[in-house]
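Hi,

Here's the structure I promised to pass on.

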Amino acid sequence: MVDICKYLHQFVPGHIDGDEQDQPLVKILSGGDYLTFERHKEAQSSQQDSRTPSGRMEGLVAKMEDFHQQAEWLTEMCWHQLYNTGLGRDIGTLYAARNAISARNVTVDPRNNFYASSEFLNNYTDVYLVCGALHHFGMADINGQPTKNMHVPLSNEYKCRFCGKAYKMPTALVKHEEKIHSFKPENPEESTAEVTPDHVYNYMRKSLALCMLRRNHDDAISMGDGSRVIRLYKFFLLYYKATPKTPKYAYGTFETLAQVMCLLTPRMSHRLTWNRFVNYRGKVNTNFPMDLDIEHQNKAFKNDISWISRGNNSTYNKQDMFELYRGNSSRV
């Protein structure tokens with residue numbers, strides 16, 4: 001990782017290879033998943049005894065990217081909390097929904113087919129939202145008319161339940177009912193009976209909480225809304241901290257928030273917030289994370305190398321293949 005960071009630092013404005021630093025460095029962001037983020041900081045720490053800022057690689061600012069954040073939330077939060085192969089007969093659970101639509105490409109490990117698992121979870125979220133809306137508005141189907149909880153324009157007046165006299169302030173209405181009508185609302189006493197937990201209700205609440213946070217994060221990325229992504233990290237931090245399997249992402253998310261709030265300069269904080277996405281199509285909602293773009297380039301590189309090694313050019317060594325790829329990388 002030290003060699004990788006040294007290679008990247010060559011492109012930092014102000015970098016020098018000598019022992020005299022005659023101009024300041026212009027810091028740039030260097031992103032990746034949490035493992036890269038962690039190793040990046042360790043590599044910089046190992047060079048702290050160097051004499052110059054370039055030798056200490058101070059021009060690189062490590063950051064966490066969003067695609068691996070999406071994968072971690074899908075795998076360790078949504079799947080670990082909701083997907084249980086023992087709940088195949090319990091209608092409404094994630095595994096029962098998977099069996100109902102015969103999504104055979106969705107398995108117990110979403111990393112086997114990330115995009116299929118992601119699409120399935122999106123459909124699962126949509127179904128929960130539609131069912132919740134039908135129940136809330138008392139509709140028989142999506143083409144029906146609401147029968148309850150319909151929107152009623154709010155009034156600025158508070159009326160007495162006994163004589164109908166209107167007041168502007170709720171405190172005045174309470175005093176009126178208490179003084180004129182001798183009415184004082186009583187607070188309901190808390191029940192001392194043991195409450196049996198409703199596991200179906202708890203599962204539904206957990207599903208909506210996790211899936212809606214994921215939906216919000218995906219939408220913020222597609223719209224290129226870096227500020228909303230950073231706000232969502234505050235919620236992610238709580239869930240990561242409460243889950244035993246994600247302590248490192250809890251720490252990484254916390255450090256990202258600290259970078260934005262106080263560790264970086266306002267200029268670098270703004271860059272870290274908004275310089276997180278790639279958009280090749282130029283439309284509003286076609287952004288995707290930078291590390292996903294790197295994954296696409298890696299896949300294209302591996303496909304090219306595999307094609308070369310299977311053809312008549314199999315006599316090339318690895319260095320020749322790499323140089324050939326670098327010379328034709330513009331077509332990727």
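The buried residues of α7 pack against α3 (67-82), α4 (94-100), α5 (114-137), α8 (226-242), β5 (277-278) and β6 (288-289). Helices here are DSSP runs of H or I with at least four residues, strands are E runs of at least two, both numbered from the N terminus; contact means heavy atoms within 4.5 Å, and buried means under 20% relative accessible area, exposed over 50%, partly exposed in between (1.4 Å probe, protein chains only).

Before you read on: this is a predicted model, with local features needing pLDDT of at least 70 and side-chain atom pairs pLDDT 80 or more, while totals for chains, interfaces and linings use all residues. Numbering starts from 1 along each chain as its sequence is written, and side-chain values use heavy atoms, without hydrogens or water.

Back to α7, which covers residues 199-222. Its buried residues include Tyr-203, Leu-210, Arg-214 and His-217. After the helix comes Gly-224, with a positive phi near 70°.

Now the rings. The whole structure holds 17 aromatic pairs (Phe, Tyr or Trp rings, six-membered for Trp, with centres within 6.5 Å; planes under 30 degrees apart are stacked, over 60 edge-to-face, the rest tilted). Trp-79 and Tyr-83 are stacked, 5.0 Å centre to centre with 10° between the planes. Trp-79 is buried at 3%, and Tyr-83 is buried too, at 9%. Phe-114 and Tyr-115 sit edge-to-face, at 5.5 Å and 80°; Phe-114 is buried at 18%, whereas Tyr-115 is exposed at 52%.

Cheers

Note on methods:
Expected span 1.5 Å × (residues − 1).
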